[in-house]
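Trainee: I'd like a close look at just one part of this model. Please pick a spot and walk me through its surroundings step by step.

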Amino acid sequence: MPDDDRRVSAGAIKEAAQPDKTPIALMNGEQLVMLLMEHGIGVHRSTPDLFEIDEDALLTGEGK
């Protein structure tokens, strides 16, 4: 992977390839964050308010 923040270190790859070790799956930081979000671990979802311009109200002078 080209970006530094998307790579897995050579040490991690070497350690994961050891035949006498418990098999593990390697993931980069982005994959880890997506997994945490998917399972709701260490994150809080919030919905921001979204304001839109009511062009009809502006043209007619009606509305708040």
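Mentor: Let's start with the burial scale: buried is under 20% relative accessible area, exposed is over 50%, and partly exposed is in between (1.4 Å probe, protein chains only). Our spot is Val 8, which has a relative accessibility of 27% and so counts as partly exposed. Some ground rules: this is a predicted model, so local features need pLDDT of at least 70, side-chain atom pairs count only at pLDDT 80 or more, and totals for chains, interfaces and linings use all residues. Numbering runs from 1 along each chain as its sequence is written, and side-chain values use heavy atoms, leaving out hydrogens and water.

Now find Val 8 on the chain: it sits in the segment before α1, the helix of residues 10-16. (Helices are DSSP runs of H or I, at least four residues; strands are runs of E, at least two; both are numbered from the N terminus.) The protein has three helices and zero strands, so you can read its elements from the N terminus as α-α-α.

Next, look at what Val 8 touches. Setting aside neighbours within four places in sequence, Val 8 is in contact (heavy atoms within 4.5 Å) with Ile 13, Leu 26, Met 27 and Asn 28. Take Asn 28: along the chain, 20 residues separate Val 8 from Asn 28, yet their C-alpha atoms are 5.8 Å apart.

Now hop over to Ile 13, which belongs to helix α1. With residues up to four places away in sequence left out, Ile 13 touches Val 8 and Leu 26. Those two are also in contact with each other, as Leu 26 is on Val 8's list too. Ile 13 and Leu 26 are 13 residues apart in sequence, and their C-alpha atoms are 7.6 Å apart in space.

Side chains of opposite charge can pair when their charged atoms come close. By this rule the count is one salt bridge. Lys 21 has 40% relative accessibility, so it counts as partly exposed, and Glu 15, at 40%, is partly exposed as well.

Finally, how far should you trust the picture? The predictor's confidence in each residue, from 0 to 100, is its pLDDT. The protein averages 84, and 88% of the residues score at least 70. Where pLDDT is low, the predicted coordinates should not be read in detail. Among the elements, helix α2 (residues 29-39) has the highest mean pLDDT, 92, while helix α3 (residues 55-60) has the lowest, 87.

Conventions. Salt bridge = Lys/Arg side-chain N within 4 Å of Asp/Glu carboxyl O.
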